[in-house]
Amino acid sequence: MTDLLFVLFSALALLCGFLTVANPFTRSPVASALFLVLTMVWLAGLFVLLHAFFIAAVQILVYAGAVMVLFLFVIMLLDLREEERRRWNRFGVAAGLISVLGLLGITAVTLLRATPDGTGDAQLEGATHALGLMLFRQYLLPFEIVSVLLLVAMLGVILLSKRELK
Amino acid sequence: MRPETLAWIILLLPLASAAAITLLTRRQRRLSAALSIGAVAVGFVASLLLTRSFGALAPRDGEFLLASVRWLEVGPLTVDLGLRLDALSNLMLMMVTGVGLMIHLYSRGYMADDASYSRFFACLSLFMFSMLGIVLASNFVMMFVFWELVGVSSYLLIGFWHERASAADAAKKAFLTNRLGDFGFLLGIILVWGALGTVDFAEIQRTLESDPTALGALATLGGVLVFMGTMGKSAQFPLHVWLPDAMEGPTPVSALIHAATMVAAGVYMLARAFFLFDLPAAWPDCLSFLAGISALDIIAWIGGITALLAALMAVQQSDIKRILAYSTLSQLGFMVMAIGCAKPDAGMFHLITHAFFKALLFLGAGSVIHALHHEQNIWKMGGLAARLPVTTWTFVVGTLALCGVPPFSGFYSKDGILAAAESRPLLFGLAILVAGLTTFYMARLYFVAFAGTPRDSHVAEAHESPGVMLWPLRWLAIASILGGFWGIEHTLQTVLAPAAGHGAAGHGAAGGFFATLLAPFGHAPLAACLGLFATGFGFALAYSLYASAPAQDPLPARLGSLARWMRDKFYFDELYDVLVRVTHDAAAAVADWVDRWLVAGLLVRGTLGGVDVCGRILRLVQTGNLQTYAFLAAAGLVLVLWVMLL
Amino acid sequence: MTGMHIGLEHYLFVSAALFCLGLLGVVLRRNLLVLYMGLELMLNASNLALVAFSRFLNHLNGQVMVFFIITVAAAEVAVGLALIVALYRKRQTAHVEDLASLKL
Amino acid sequence: MNASLLGPELVIVGLGLALLLLDLMVPPERRRWLGCVAAATVFALCTYFIAQSGRTGEVQTAFGGMYVLDGLAVYFKALFLLAGGVVLLLAVDWTDHAGHAVTEYFVLILFALAGMMLCASAHDFATLYVSLELVTVTFYVLTSYQRDHVASLEAGVKYLILGALSSAFLVYGIALCYGAAGTMSFTELASQSPALAGSKLFQLGMLLVLGGLAFKVALFPFQVWAPDVYEGSPAPTTAFLAVGSKAAGLVLMVRLFGSVLPDLTLKWEPLLMVISGVSILYGSLCAIPQRSLKRLMGYSSIANGGLLMMGLAAASKAGSAAILFYLAGYLFTVVCAFVVASVVVQRLGTDDLTALAGLHRRSPMLAASLTLSMVSLAGVPPLAGFFGKFVLIRALVEQGASFPGWYVLIAVALAGVVISFSYYFRVIKAIYWSGETAEAPPLVLSPLVQAALVLCLAGMLALGILPSFVWEAAVAAVAGLRL
Amino acid sequence: MSPLIWLFALPLLGALGLLFVPASRTVLIRRIALVITGVVAFLALDLLSDFDAAAPGAGGYRFVQQIPWVPSLGISLHVGVDGINLGLLVMGALVAFAATCVSREIQQRTKEYYVLLLLMVGGILGTFASLDIFFLYVFHELALVPTFLMIGIWGRGEKRGYAAFQITLYLTLGALVALVGLVALYLQSGLATFDLVKLTEHLAANPIPAARQAFIFPWLMFGLGVLVSLWPFHTWAPLGYGVAPTATAMLHAGVLKKFGLYALLKVAIPLLPEGAKLWMPWLAWLCLGNILYCGWVAMRQRDLNLLIGNSSVAHVGFVFLGLASLTVIGVTGAVVVMVAHGFLAALSFALSGWLYGQTRSLDMTRMGGLLQRLPFAGSVMVMAMMAGCGLPGFGNFVGEVLVLFGGWKSPVLICGGLLDFRWFVAAAAWGALIVAAVYMLRGIRTIWHGDLAEDWKGVVDPAGGWRKMPFVLLLGALLVTGVWPRLLTDRIEPGARRVVEAVEASRPAPNLASGSPTP
């Protein structure tokens, strides 16, 4: 059952991912954004399969919920349609494809050769409680740094979006 | 005064005078002249004084005094600033200072109108210093030092009128040709030092006398290299080309440097270092085809060829000074030949007498030129005997001495040379021929320039030169007449003959005046008679051609192209021009081209440009498109991964 | 289905493929926003790998890391989108080709 | 827990927050004083660190080993603080002329500074990541700060996309490393360093991490962004980017490769050599035809990144110490150049080299500073750059004794340095040789700029003439490395 | 404090001090520079008289002082002189003074000019006073930027930009390559010190393995060779000197350039004897490129400064030959050539500078007969050119002759013994006596002799003692060294002997013949 779900989720995630970046039918950013949302969702499904329930929730909430909405807002705001009118640079596409496929190949080969510890032996249960403890004990420092980071982001967004400059 | 002190005074006074004139008295003409003349006069007196302790006239065999200061001491090389005083150098000292004194005095008159009067005397003094340095040098390096200094003073004096292009060119040519000889000289010195570890004449002589093979396979090569110095300085074939051109200098300079003293330095060096040449022939393997030819052979033949060629060239010259210049060449060839025939005494003897009469002849020519306002073409002269009596009779004395008419000094010295060549029939014949040619061209000169009637208006207005110029003529004439009897020959034989491996008993041994007078006929009758015959024949020929005072030279018509070759100096200048052009100028052109286009161009500019172009091309990567950047980064990373992981 | 057991490596392959898809978006798409989505895809791929590792390594560190990544990514997206908007306001474009005044 | 170690970072962050609050109370015309206060504080803190550097022997950790305070960290924190202080001085002057929202600019610089300092102490991939992101995200804003200038925005977007890309690689790399090693803590990684060096998966991860860090240092293959971003960003940002961000990347590299994974370093020597060689050549070659001063500095930054990388490639303490020393000299030199560039751009409106003509008349101090900075970058004694290059070459030659291939890298470095002379000296030429520009009015420098310049010049000269102190400090700082 | 420190500290402090003098007070600035260089020259002469070659201090050095600088790297400011660097120091100081004297020609931006000049002088003198390899190098580099700026700002003609860059890049390249060699030497010695004295002692006892020496030596040889315009890396020299302002050309061609030779002599050869033996044949070949090839190139030049520049490159060849001979005589001769050529190059460039100041051109084909208008400058120039073609009485002759003598006995064999060093001596003698004479005399002929062109009726000779002094000073120095060479050789020889002995003491390599070539 889980295996079937894995195949389903991952296939859908990859398909949606593909449609995000290289939709053969449309190059509308809105379509891309929507497929990205779908990818996020299927990924969340995979997270569930991995028993990372908290992360799956966060994925839906933050990514699919917040980030993607932000994207859509901006797309609508900017009313972007231009890309469609432009031609592909064949050489660029080929080079890009080759390098990306190369990366995929190398990664795949490396993964094949490597046998990471614990393969086939999934044991960890999604323990939100434990996760919380870790976050606020062991990982307190990064957590606090991230809070500063968020402050910076806020500040930055304000600075970049304020209407008047003075 | 101690002889060493005297020697230092003789050497350094002219230098002091040159320095003083240059630095202090440039504007006071008379004072400059006085300083210069005073220096050489004191030198002359001191040389005479030296004879007391040395006795040029009563020499003691093989002895010398040395006054030296350590000039350089580096590792195994030590060089002294040494003055070697012996009969040979003493004799040379007297000759150089004596003739020099005459010419200095003469110059006061000759150069009186020149704007650079002081500079002239400064250069003369510098020359005297250098020449005396050669004479006194006790080792090869010192000799080389002064050798070069003589070269440069000669350069300065030939180019004295440097604003004249011809003079400047002649000076340059003289210096460069001399440098060719010096190149060999220096290498020879180094070679000898390399083998023997010393440059001192006495030590080398001692070593070589005890072991004639001490130089090993390089013996003859060393000798020939050192002889190259002579070839340059004494203008021996094939480096003879500079001397005739050197006549561009003021006439006193020609007399002093290019007739009496400097050009004789080469011969003096040969005599001084005779021990180096008189060695059994030995060649390194790579030059084995020369086996059996000794240094002396080469020297003799070079001298002979020079004598003949120069005499032939003299026959067809029309410039009075050039005729004398070729005559000088020819006589120098004689001297060298004599030394090559292992008779340094004969060569030196001729050197001394030649100094007297050739200085006399040049000064006489100078007097003529002075009187004719710098007209030098003999075909524009004629009938000078009437206008310039003193000049004429002294000139005649000089001519007779040069032609070897007894009892003038030239007869005795030339006879010695002919006698020396007797053992080599070919050279002997050549020498007799040259003797005849000498008389021919000198008689031609006399007949065309002095006898007959004036060919040009200048001659009619000519006046005899002032006394300050005539007195040196007279004194030199006396010296030319008496030079053969003074015992010079005897002195030289005593000093040099042992070195040449002959017995001390020479043919000029004291035996009364008449014995001396007729000595040549006694010990080498063939040479003396043939020499006289050749002289007579040459005179007769000249008389038949020129006594009738023709308006132009009848000889070219008779000799055809040979005469043209003679007039054009057998095209040596042209040949050398071509030689220099195909060697050095071509090398320079090639080097310059390579430097300009390959090294500076291709290598340097090419590298710079190549790097620049690389930069400009590589920069195109920075398209400004961030997607390109992203791609490049990704592609680079993939490349790295691929190399590192697969 | 075929009896194969889904293990770590399968998750990792999916993650690698997703990562490459994201990269493909970055390299190919010229709309800044879509390009940025590609970047998000790449981050998500990492998240997947981390979670998978976390599960199979049997500790939570990976999940904590994913938490941080999601947070940072959100912040980054906020700033990035603000920047793109600011650019659009100035230049009326969000295409990479139009951003080439700084070059060579 | 030993959270007190975190004091300096807290001070900086607190300072940033305080400034944000004070901004609300201080009238706009006085806000520049906030920057001065910030600079003063930073300098004070820096002094504290320099004073501290005497006792670098002890290694202190906090947060369960996620945060470490050792010699390396202290040295780099001093460096960051120094850079931050000077950049703040410059920022005050810059905002006087060009700025809007003055205080935020200072605050962002402070937060970036905090991020860098945290990088210096990061001892865990999570800390590493978030600290680095703090720096990066802050710089997104800092680079695009002049949003009324298209160039600034374009620089910001480029930095954003490429930065995010490099972050993505970094993150994926971290994920793989985590998977291969089973931990994200450097302490644990260090304990299994030999085994990890053999794991392909770990290597893949580390290569991706290296890529992410290479972006910070502007190294091949992540070097292309530097010229564009340097050119477009505000001068103080660029200065901080060139010094701080680069140093942040380097400290992490030194820590990872020098302290945590020495075995991997030894294995990867050829890779590191190639990276540094290519970076040197790329930066040097592309800079030759360059006419814009800031862009020139961008290429120079790539080349210098390559030079610094040589020290790491040398995989020796001498090499790492050389990096540390070189960075110190580089800090003064580059900041000095950007101070001049900042003033020039503000007053003359362009940073084209031709605009520098006659600068020696208009402001001898600017001209002399820029000249000395170029000369130091080129590596001429008695300035800091020379001694830096000297110790780098020394480290390389030391390795060369074992493997002649090093001499190839040395040759490449020499070629790069020689090429670099041509462009650095062209700046000098542009200043001094140009035709007379008599009418140009003199440029009056504000006291802050003067102070910044004097500080930089003093630093450059001091490090060149009396390198002993800093060199000994650098040697002590790397004493803990496991190379 | 050792007087040697004052020797370079005074100019450096002077440069610093001049920064605070207002730029408008040009006369004061010039006077300060004159006083400083004058005092330095006086100090140097005082050192020369105090120096007693017979009673040397530690390692043969006197006036030694050592101040630690970076102890952990073994770097210290260590000064001291033996005969070799004493000669160079005195030469440098005198040339520096002369260069300051002739700087009257500079009318614009005088303050910057004198600051740079003093900086350069300080660097130069510091180089030759240092006994620490690091400082040796650092002081040399100190003069790099002043050279660049002086050529660029006060240089002549359109090509000055290209020339300044070429000279800078070339010198940098050479210096860096040499630096790599020096560092390799330093590391390889195992002593962790740059102290020349200690290194010499240490390496004499524990030599570096021959293979390493053979590897390190070429870095030094070619790196330093580039600095001294070793063929084929010579083109920067004529080009740079052709456009440089007078004082820069004097200081650079005369003194600074000697750094490479000096370092080769004091560092490379004694510390890497095996490497030296192996590489000297190559050096001998290359130096023929200098002597003959550059001589030929000089023959074709139309610009006086290019002629002097190329001849200067050719002269350097003799130094290389002397060093390559690895004999006491040759090495001593090489140092004498270094000193004498310093004076000569400075004198030549000073004169050409004066000429340029008068005619605004150095195109020889446009000149002629100038001796009539410039008797003083012309005579001095003729003497300088004569010195340039190796006339006795000038220091160059002594040096060149010593080199030739030394070369004749050199144990170095070229091409495995097929060619012996003596051929190189012959070729060098040809270069010295013939080729040099050809271009020098052609130069004299073209510029000074012949008709005076109408254009040059207005040129004037240096008038007054102050204007003549630099020329007289340099010419006098040349004459003194030429007439009384023991002034130099007696002091140099012990140093040269130590160098040669260091080479001889090392294990004989197979390609080195034993003993002298004579039977």
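In this predicted model, α2(C) and helix α6 (residues 150-181) of chain D pack at an angle of about 15°, their axes 8 Å apart. Axes are lines fitted to C-alpha atoms, for helices over the stretch in contact, and angles run from 0 to 180 degrees between N-to-C directions. Helices are DSSP runs of H or I, at least four residues, numbered from the N terminus. That angle makes α2(C) roughly parallel to α6(D), a term for angles under 35 degrees.

The residues in this contact (C-beta atoms, placed from the backbone, within 7 Å) include C:Leu39 and C:Phe53 of α2(C) and D:Ile161 and D:Tyr172 of α6(D). They divide into 19 nonpolar, two polar and no charged. Here Ala, Val, Leu, Ile, Met, Phe, Trp, Tyr, Cys and Pro count as nonpolar, Asp, Glu, Lys and Arg as charged, and the others, Gly among them, as polar.

Next, chain C against chain A. The contact takes 63 residues from chain C and 74 from chain A. On the chain C side, the largest share, 20 residues, comes from α3(C). By class, that side has 44 nonpolar, 14 polar and five charged residues.

Now α3 itself. Which residue follows α3(C)? It is C:Gln92, with a positive phi near 55°. Of the 31 residues of α3(C), 26 are buried, so the helix is largely enclosed by the rest of the structure. Buried means 20 or more other C-beta atoms, placed from the backbone, within 10 Å of the residue's own.

On conventions: residues are numbered from 1 along each chain as its sequence is written, and chains are lettered from A and ligands numbered from 1 in the order written. Local features need pLDDT of at least 70, side-chain atom pairs count only at pLDDT 80 or more, and totals for chains, interfaces and linings use all residues.

How values were computed. Buried ≥ 20, exposed ≤ 12 C-beta atoms within 10 Å, placed from the backbone. Helix = DSSP H or I, 4+ residues; strand = E, 2+ residues; numbered from the N terminus. Contact = placed C-beta atoms within 7 Å. Parallel < 35°, antiparallel > 145°, perpendicular 65-115°, else oblique.
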